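Subject: Handover of a protein structure

Dear colleague,

Please find the sequence and structure below. My notes on what was found follow directly after them.

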Amino acid sequence: MKRGFYSGRLLLASGAAGLLMLASGPSFAEEQLAAAMPPDVPWAERTTELGSLERMPEGVLAKDELLHLIAIGEALFAASFTKLDGAGRPQATQAIDPTRRKHPREQPFLRTAGPDGGSCAACHNTPLMGGAGDFVTNVFVSEGFESADFDSLDPQFSNERGSNHLFGSGLVELLAREMSLDLQRTRNEALAAARSSGEPVRRALVTKGVEFGFITAEADGSVRLDELDGVDTDLVIRPFSQKGVMTSLRQFTVNALNHHHGMQPDERFGARWTGTDDFDGDGMSREVNAADVSALVAWQATLPAPTQVVPLVEGWSEAAARGEEMFGTLGCADCHRPHLPLESLSFSDPGAFDSAGTLNAGQVETPAVYDLELLNWAKDLPRDEKGRVLVPLYGDLKRHTMTDRQIDALGNELLSQRFVDRNIFQTSELWGVGSTAPYGHRNDFTTLDEIILAHGGDGRKARDAYAESAEADKLSLIAFLKTLVIEP
């Protein structure tokens with residue numbers, strides 16, 4: 001694989017003014033914007049880091065190259081995007097697939113259909129940038145926005161969701177990639193065995209100790225998928241969003257830039273897919289290039305993993321130790337697994353599993369590789385006897401049914417998302433839970449006790465065991481969960 005990128009250093013573009021230019025020259029609207037704000041003054045109301053990378057990074061990045069890229073990504077994540085950057089999308093909806101509005105919107109912000117935020121950090125900020133969000137930062141997401149223009153908060157039009165924290169997200173995506181490859185390898189081996197024997201072959205789908213049902217390969221090369229559990233039919237683990245429907249940080253970033261800010265990345269909203277460099281009709285072309293997205297991905301992927309910190313309060317250490325023991329005996333750890341093993345800390349971008357509209361490894365000459373081993377926080381991650389990193393996520397990257405006839409508080413959405421039923425959610429990773437109240441996919445629950453008692457369906461057995469525990473034991477479990485924090 002090629003070493004470094006840009007001949008070992010980052011090249012900076014001559015300035016943001018180039019971002020305002022179409023290949024055939026600036027439009028009238030662009031000329032007006034450029035005239036309103038001279039391009040070279042440092043106090044211009046725009047994000048100077050946008051377009052500062054001439055091309056995407058590629059190959060294995062040296063530490064200084066990686067840190068430079070991370071710094072640009074951090075600045076983009078913190079930036080409050082402006083009209084001069086291309087913020088707003090008067091002619092486009094926030095749908096994942098590029099979709100024109102029926103009626104142009106002139107408001108710079110719109111709470112329901114968006115754009116609904118000036119910056120990424122406006123929602124991901126608790127306990128610090130890249131973290132979660134309080135109820136006030138909830139966003140509205142649904143499949144229905146694609147074909148509807150409306151201002152209503154009625155739940156028949158939208159699902160309201162809280163903002164998840166992003167710490168350790170690079171490790172989560174790496175786990176998902178390895179697990180996807182394991183599941184697909186099992187499928188391929190079953191197909192080979194079925195062809196060889198001339199008989200159906202049924203195999204359990206298990207990766208890193210997590211069970212995803214069964215697959216049956218037929219001798220004719222077809223595959224029966226009716227016994228899958230908690231994974232899509234392509235056997236790709238999609239570890240992001242409460243429903244587990246986003247494949248990668250890159251896909252999440254491309255979606256969010258358009259959805260929340262009206263900043264449209266070229267790789268999905270540019271001429272290749274839409275036939276125009278200004279799909280959202282705001283007078284600004286080529287608003288976010290592929291290298292900008294790479295920088296945002298690099299910053300998110302290298303955020304440190306949450307950790308465990310016991311407050312220096314008398315009795316807390318003993319209570320937390322008792323609570324950690326109870327976490328296993330009550331059955332919480334059946335889904336919220338304390339560790340999953342990871343073979344490699346090399347994060348490649350773009351990844352292999354993304355599809356149309358998000359760049360993948362097959363669409364670039366050489367993907368960039370960010371070696372998380374270079375980062376100080378990664379050196380403190382626990383490892384097993386085989387040298388594998390034990391990612392302390394307290395999750396399983398699997399979808400579960402979260403309601404039943406008696407307990408349905410977590411089934412309050414009216415719209416399914418990406419064909420995942422309304423009451424099915426991916427196990428929430430609990431690392432960082434002590435720093436990211438309130439809880440639940442809609443931030444409906446103010447205490448950990450409430451969200452535990454809201455578990456139905458696949459979580460019902462552990463929930464009932466908790467409900468029947470002595471009050472002191474319940475408090476011990478809470479004491480343990482509150483030690484799982486995002487450190488400043």
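Two strands are said to pair if DSSP finds at least two bridges between them. Helices (H or I, at least four residues) and strands (E, at least two) are DSSP runs, numbered from the N terminus. The model is predicted, so local features need pLDDT of at least 70 and side-chain atom pairs count only at pLDDT 80 or more, while totals for chains, interfaces and linings use all residues. Residues are numbered from 1 along each chain as its sequence is written, and side-chain values use heavy atoms, with hydrogens and water left out.

The protein as a whole

The protein contains 11 helices and 14 strands. Of its 488 residues, 53% are buried, where buried means under 20% relative accessible area, exposed over 50%, and partly exposed in between (1.4 Å probe, protein chains only). Contact means heavy atoms within 4.5 Å; among contacts between residues at least 6 apart in sequence, 73% join residues at least 24 apart.

Strands of a sheet pair through backbone hydrogen bonds, either parallel or antiparallel. Here, 3 strands form an open sheet in the order β1-β10-β9, with mixed pairing. β1 (59–60) and β9 (346–349) stand at the edges with a single partner strand each, so one side of each has no neighbour in the sheet. The pairing of β9 with β10 (residues 368–371) is antiparallel and runs over 4 bridges. Within it, F347 has Y370 of β10 as its bridge partner.

Salt bridges

The structure holds 25 salt bridges, each being a side-chain nitrogen of Lys or Arg within 4 Å of a carboxyl oxygen of Asp or Glu. One of them joins R161 to E413, with the closest N and O atoms 2.6 Å apart. R161 belongs to strand β3 (residues 159–161) and E413 to the loop between β12 (399–401) and β13 (424–426), so this pair ties together parts that are 252 residues apart in sequence. R161 is buried at 3% relative accessibility, and E413 is likewise buried at 3%.

Another salt bridge links R224 and D226, whose closest N and O atoms are 3.9 Å apart. R224 is partly exposed at 42%, whereas D226 is exposed at 60%. R463 and D464 also meet in a salt bridge (2.9 Å, N to O); R463 is buried at 18%, while D464 is partly exposed at 22%. Finally, a network of salt bridges links D232, D234, R238 and R399.

Yours sincerely
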